[in-house]
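Please find below a colleague's note, written as numbered points for a student who is new to reading protein structures. Each point may be followed with the structure in view.

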Amino acid sequence: MRKKTKIILGSFSVLVFLFFYIPLFVVMAFSFNDSSVGTVWTGFTTQWYESLFSNRQILSAVQNSLYIAVVTTIISTILGTLAAIALYRYNFPGKRFLNVIFYIPVAMPEIVVGISLLALYAMVGMTLGLNTVFPGHVVMATSFVMLVVMARLHGFDPAMEEAAKDLGANKWQTFWRVTFPLIFPGVLAASLLAFTISLDEFVVAFFTTGPGSNTLPVLIYSMVRRGVSPEINALSTILLIFIVIVVLIVGRVLIQIQSRGGDRS
Amino acid sequence: MKPIRNAYALLSPAIVWLTLFLVVPVALITVISFSTDGGYGLIIYEFSLDAYLQAFDPFYLQIIWQSIVWAFVSTVICLLVGYPFAYFIAHSGKWKNILLILVMIPFWSNLLIRLYAWVILLNNEGVINQLLLSIGIISEPITMLYTPFSIIVGMVYGFLPFMILPIYASIEQLDRRYLEAAEDLGAGPVSTFLRVTLPITMPGVIAGVFMTFIPAVSVFVITDLLTGNRLVMIGNVIRDAFVVEMNWQLGSALSILLMALVLLSVLIFTRFTSSRSKRMTR
């Protein structure tokens, strides 16, 4: 790139980063604002954080979201990893068709996933509650898990498995001691993706959760709809800081695993 | 044959799950969309086109058209902003990973919270208006919230990372030797970009456009939170049909139309770009 182009693109990118971050900083700043209605700065306070931690609704929504995210992660990681291995390793009739099928949840508007599940539950007479949320989340997360694990499998050498078999390992030993350790970074990255997708998912949860079993995004939605409340600022700030910490830790762990995997090969 | 049996055994859990919780429900709303409305949310399973006739009412057609226009405008802005931005990140050497993480952080925070941030900023008494008032550029607050402008801002803010990440991935994978070859053959920077870089990174652009347009055209929270339902999109109508008016036939018919719209735009766009990039590389 020429120097002039680089300067123009660089200053443009700085503007884009400002566009990304200024709103987030405003939310953080206003979480310490001593005014309960306006968006005018009146003074410093930490009272919104105090009222947040005594808010039972929020605490139970956090609990619900974590429960759904854990269940979604376990199921979608297993389903997606098995499917990725099958699609990568075997040739069979209908493979192309299945490849397309697994992309559908990625391209499907979330609202259609949500309302069609709502229709299904109504049809079979199922009462909406916490456990009607994760089936939809698994549908969405499984495809992403599959794509991530498939990407990892592309660097996978089948000769490793053959070598294990030649050395007398049976099918299970080959899987657990050769195949799985090799694809593990991919599986870990995929499960983290599934976890964040579920934790953050609003639309499907909105349609499939029952009264009294709000997930955190559903609760945030109803809070934001009721209007500007400083408690949302405090909650958002905590979530943002939490996300930054998670991103930093996960990034470091993944880089370590990857470099270790690189040494081995 | 054994390998085939293994493949199906590995695939069957995912297939069963997708069938139960995606294929069957979508089939169900397709049936509902062609059923008869018995009033008070009652569904009578007799064939009827009423819901589609209702959906093709000018009132709904206008909302569908508006949704397409807003989503389209946002997607174009995301592309125009996202491509040069992704290009810069991909060429920023050792800073690359840090800049990428900086893009991911807002992306991983909840969309509702990010939209709420814009409520604070765009409000009549909001940060932007107060700033402009205090430096005297304007004498009265500008109404930004509750307008199409706020919807476009919300969409671009919410979905820009969906555009940046796939484009970044394709620029990142671009083999620098192609660029050197173009330069050796006497192409200037502009024609190298238009005839080499852009066609090769087209898959990333296509992926980015879909990942932006599909959520943008079907979203209901942006209009909901930034215009307080004063302006509506097809997503708002579908939601209201299901949870407020209990007109499931109409909600289902509009959902089927939304899926058809997404499918159609995917087909048109892939056809358009594939013929175009073929011409450009020739």
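Predicted model: local features only at pLDDT ≥ 70, side-chain atom pairs only at ≥ 80, totals over all residues.

**Notes on the model**

1. The buried residues of α4(A) are Lys95(A), Leu98(A), Phe102(A) and Pro105(A). They lie on the same side of α4(A), because they cover an arc of only 75 degrees around the axis.

2. The dimensions of this helix may also be noted. Helix α4 of chain A runs over residues 95–107 and has 13 residues. From its first C-alpha to its last it reaches 19 Å, which is close to the 18 Å expected at 1.5 Å a residue.

3. Attention is next drawn to helix α3 of chain B, which comprises residues 58–90 and contains Thr75(B). Is Thr75(B) buried or exposed? Thr75(B) counts as buried, because its relative accessibility is 7% and the cut-off for a buried residue is under 20%. Leaving aside residues up to four places away in sequence, Thr75(B) touches Met163(B), Val209(B), Thr212(B) and Phe213(B).

4. Val73(B) is also placed in helix α3 of chain B. With a relative accessible area of 33%, Val73(B) is partly exposed. Val73(B) belongs to a nonpolar patch on the surface, together with Trp65(B), Val69(B), Phe72(B), Val76(B), Ile77(B) and Leu80(B). The accessible area of these residues together is about 640 Å².

5. The salt bridges deserve a separate point. How many salt bridges does a search of the whole structure find? Over all chains, there are 6. In one of them, the side chains of Asp224(B) and Arg225(A) meet at 3.4 Å, N to O. This pair crosses between chains, from helix α11 of chain B, where Asp224(B) is, to helix α10 (residues 216–226) of chain A, where Arg225(A) is. Asp224(B) counts as buried at 4% relative accessibility, whereas Arg225(A), with a relative accessible area of 46%, is partly exposed.

6. Asp224(B) also forms a salt bridge with Arg239(B), and here the closest N and O atoms are 2.8 Å apart. Arg239(B) lies in helix α12 of chain B and Asp224(B) in helix α11 of chain B, so the pair ties together parts that are 15 residues apart in sequence. Both Arg239(B) and Asp224(B) are buried. A network of salt bridges links Arg225(A), Asp224(B), Arg239(B) and Asp240(B).

7. A further salt bridge is made by the side chains of Arg177(B) and Asp175(B), at 2.8 Å, N to O. Arg177(B) is exposed, with a relative accessible area of 59%. Asp175(B) counts as partly exposed at 28% relative accessibility.

8. The last point concerns the backbone. Most residues other than glycine have a negative phi. Tyr146(B), although not a glycine, has a positive phi of about 70 degrees. Tyr146(B) is in the loop of chain B between α6 (127–134) and α7 (148–173), and counts as partly exposed at 39% relative accessibility. Asn229(B) is another residue other than glycine with a positive phi, near 65 degrees. The loop between α11 (221–227) and α12 (234–243) of chain B holds Asn229(B), which counts as partly exposed at 25% relative accessibility.

Key:
Residues numbered from 1 in each chain as written. Chains lettered and ligands numbered in written order. Heavy atoms only, no water. Helix = DSSP H or I, 4+ residues; strand = E, 2+ residues; numbered from the N terminus. Buried < 20%, exposed > 50% of the residue type's maximum accessible area, 1.4 Å probe, protein only. Expected span 1.5 Å × (residues − 1). Arc of directions from axis to C-beta. Contact = heavy atoms within 4.5 Å. Patch = residues over 30% accessible without salt bridge, like charges linked within 9 Å, V, L, I, M, F, W, Y side chains within 5 Å. Areas by Shrake-Rupley, 256 points an atom, 1.4 Å probe, with all protein chains shown as cover. Salt bridge = Lys/Arg side-chain N within 4 Å of Asp/Glu carboxyl O.
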